[in-house]
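Dear colleague,

I am handing over the structure below, together with some notes on what was found in it. Please read the notes with the model open beside them.

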Amino acid sequence: MGLALYTTESTARGGRQGHVKSSDGNLEVDLATPKGLGGKDVKGATNPEQLFSAGYAACFDSALQLSAKKAKKKTTSAVTAKVSIEKRLKGFGLSVELYVEIEGVTQAEAEELVEQAHEVCPYSRAIEGNVKVKKTGKAL
């Protein structure tokens with residue numbers, strides 16, 4: 001393990017039908033199983049897949065900005081992370097589709113920056129080999 005630069009913690013109670021709160025109180029949300037998994041769509045409640053997709057999108061966009069800066073490219077970008085939960089032979093798994101829009105580069109540069117960001121992003125590294133990730137970079 002490496003030297004921790006930042007650590008956070010959250011506590012969940014009640015699983016997918018419960019509540020989660022970060023130790024600093026900055027994140028506090030009710031959880032509900034989505035309709036697609038047999039639950040009800042509860043207004044104001046989220047689920048683990050939504051939390052993961054939000055975190056992955058933000059982290060990947062930061063990694064992309066870092067990669068663009070290293071390449072001396074001035075860009076603006078938006079990352080959408082589509083996270084799916086899937087039935088597997090043994091339990092459940094996730095798959096991810098990343099849609100990356102980058103302004104200020106050619107299509108070839110956009111594709112290269114997406115690959116570089118994927119190598120840098122802590123979320124991408126954490127799920128490497130366990131979760132299928134489809135990446136689509138688009139120059140605007």
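Which glycine in the turn between β2 and β3 has a positive phi? It is Gly25, with a phi of about 80°, and the hairpin that β2 and β3 form has five residues between the strands.

Before going further, please note that this is a predicted model, in which local features need pLDDT of at least 70 and side-chain atom pairs count only at pLDDT 80 or more, while totals for chains, interfaces and linings use all residues. Residues are numbered from 1 along each chain as its sequence is written, and side-chain values use heavy atoms, with hydrogens and water left out.

The hairpins

Helices (H or I, at least four residues) and strands (E, at least two) are DSSP runs, numbered from the N terminus, and two strands are said to pair if DSSP finds at least two bridges between them. Strand β1 (residues 10-13) runs antiparallel to β2 and is joined to it by four bridges, with Ser10 having Ser22 as its bridge partner in β2. These two strands also form a hairpin with five residues between them, and Gly14 in that turn has a positive phi of about 90°. On to the next strand, β2 is joined by three bridges to β3 (residues 28-30), again in the antiparallel sense, and His19 has Asp30 as its bridge partner in β3.

In a regular strand the side chains alternate between the two faces of the sheet. Ser22 counts as buried because its relative accessible area is 7%, and, not counting residues up to four places away in sequence, Ser22 touches Glu9, Ser10 and Leu27; contact throughout means heavy atoms within 4.5 Å.

The open sheet

Three further strands form an open sheet with mixed pairing, in the order β4-β5-β6. Because β4 (76-87) and β6 (132-139) stand at the edges with a single partner strand each, one side of each is left without a neighbour in the sheet. The twist averages 15° from one strand to the next, where axes are lines fitted to C-alpha atoms, for helices over the stretch in contact, and angles run from 0 to 180 degrees between N-to-C directions. Strand β5 (residues 92-103) pairs with β6 in the parallel sense over eight bridges, and Ser95 stands opposite Lys132 in β6. Packed on this sheet is α1, which touches β4, β5 and β6 and whose direction makes about 145° with that of β4. Helix α2 lies across β5 and β6, and runs at about 145° to β6.

Glu101, in strand β5, is partly exposed, with a relative accessible area of 37%. Leaving aside neighbours within four places in sequence, Glu101 is in contact with Thr76, Ser77, Ala78, Lys138 and Leu140.

The two helices

Helix α1 (residues 48-70) and helix α2 (residues 107-120) pack at an angle of about 115°, their axes being 8 Å apart. The contact is made by Tyr56, Phe60, Ala63, Leu64, Leu66, Ser67 and Ala68 of α1, and by Leu113, Val114, Gln116, Ala117, His118 and Val120 of α2. Of these residues, ten are nonpolar, three are polar and none is charged (Ala, Val, Leu, Ile, Met, Phe, Trp, Tyr, Cys and Pro count as nonpolar, Asp, Glu, Lys and Arg as charged, and the others, Gly among them, as polar).

The length of α1 agrees with expectation, because at 1.5 Å a residue its 23 residues should span 33 Å and its end C-alpha atoms are 33 Å apart; the expected span is 1.5 Å times one less than the number of residues. The buried residues of α1 pack against β4, β5, α2, α3 (122-127) and β6. One of them, Ser67, is buried at 4% relative accessibility, and touches Leu113, Gln116, Ala117 and Val120 when residues up to four places away in sequence are not counted.

A backbone detail

Most residues other than glycine have a negative phi, and most peptide bonds are trans. Lys72 is not a glycine, yet has a positive phi of about 60°. Lys72 is placed in the loop between α1 and β4, and counts as exposed because its relative accessibility is 77%.

Definitions and conventions:
Buried < 20%, exposed > 50% of the residue type's maximum accessible area, 1.4 Å probe, protein only.
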